[in-house]
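Dear colleague,

Please find below the structure that I am handing over to you. My notes on what was found follow it.

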Amino acid sequence: PPPLESLDVFSARLTLRSSLYIPLLTTLKSLTLCTGNVTDEFVASISSGCGSLTSLNISLNRRVTDLSAGAIRDRLERIEVLNLSRTSCTREAVRVLSGSRSLRVLCVVGCGGCEER
């Protein structure tokens, strides 16, 4: 079978075990983990394992903070579309992510002090 390139687990209650398996999906290009109990540690794990991601949607996860921005910028070198809406990210995340060479679309609707860009 062809490799898995897209995974959408919208509104799933992810567990610690999930954070161990999703990074093993190294061929993923698109990943959606909305309202899934995602944390900064989970984002760091995904960023280390899923280096082929071009699109990441982790919106509606309040346990995602500015700490995730550095991991995404430094490890997801192909990321083009990132949705951080309604996370706990602030303008600091926007500043950090402005250093990404590949990022084209950043959505931060509902983040503290952020404006949509």
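Predicted model: local features only at pLDDT ≥ 70, side-chain atom pairs only at ≥ 80, totals over all residues.

Not counting residues up to four places away in sequence, Leu 31 is in contact with Leu 7, Ile 22, Ile 46, Leu 53, Ser 55, Leu 56 and Asn 57. Asp 8 and Leu 31 are separated by 23 residues in sequence, yet their C-alpha atoms are 5.9 Å apart in space.

Strands E1 and E2 are paired in the parallel sense, over 3 bridges, and Ser 6 stands opposite Ser 30 in E2. The sheet is open and has 5 strands with parallel pairing, in the order E1-E2-E3-E4-E5. Its edges are formed by strand E1 (6-8) and strand E5 (105-107); each has a single partner strand, so one side of each is left without a neighbour in the sheet. From one strand to the next, the twist averages 5 degrees.

The remaining notes concern helix H2. This helix spans residues 40-49, and its buried residues are Asp 40, Phe 42, Val 43, Ile 46, Ser 47 and Gly 49. Among the elements that cover these buried residues are helix H1 (16-21), strand E2 (30-32) and helix H3 (67-75).

Yours sincerely

Terms used
Residues numbered from 1 in each chain as written. Heavy atoms only, no water. Buried < 20%, exposed > 50% of the residue type's maximum accessible area, 1.4 Å probe, protein only. Helix = DSSP H or I, 4+ residues; strand = E, 2+ residues; numbered from the N terminus. Contact = heavy atoms within 4.5 Å. Pairing = 2+ DSSP bridges. Axes fitted to C-alpha atoms, helices over the stretch in contact; angles between N-to-C directions.
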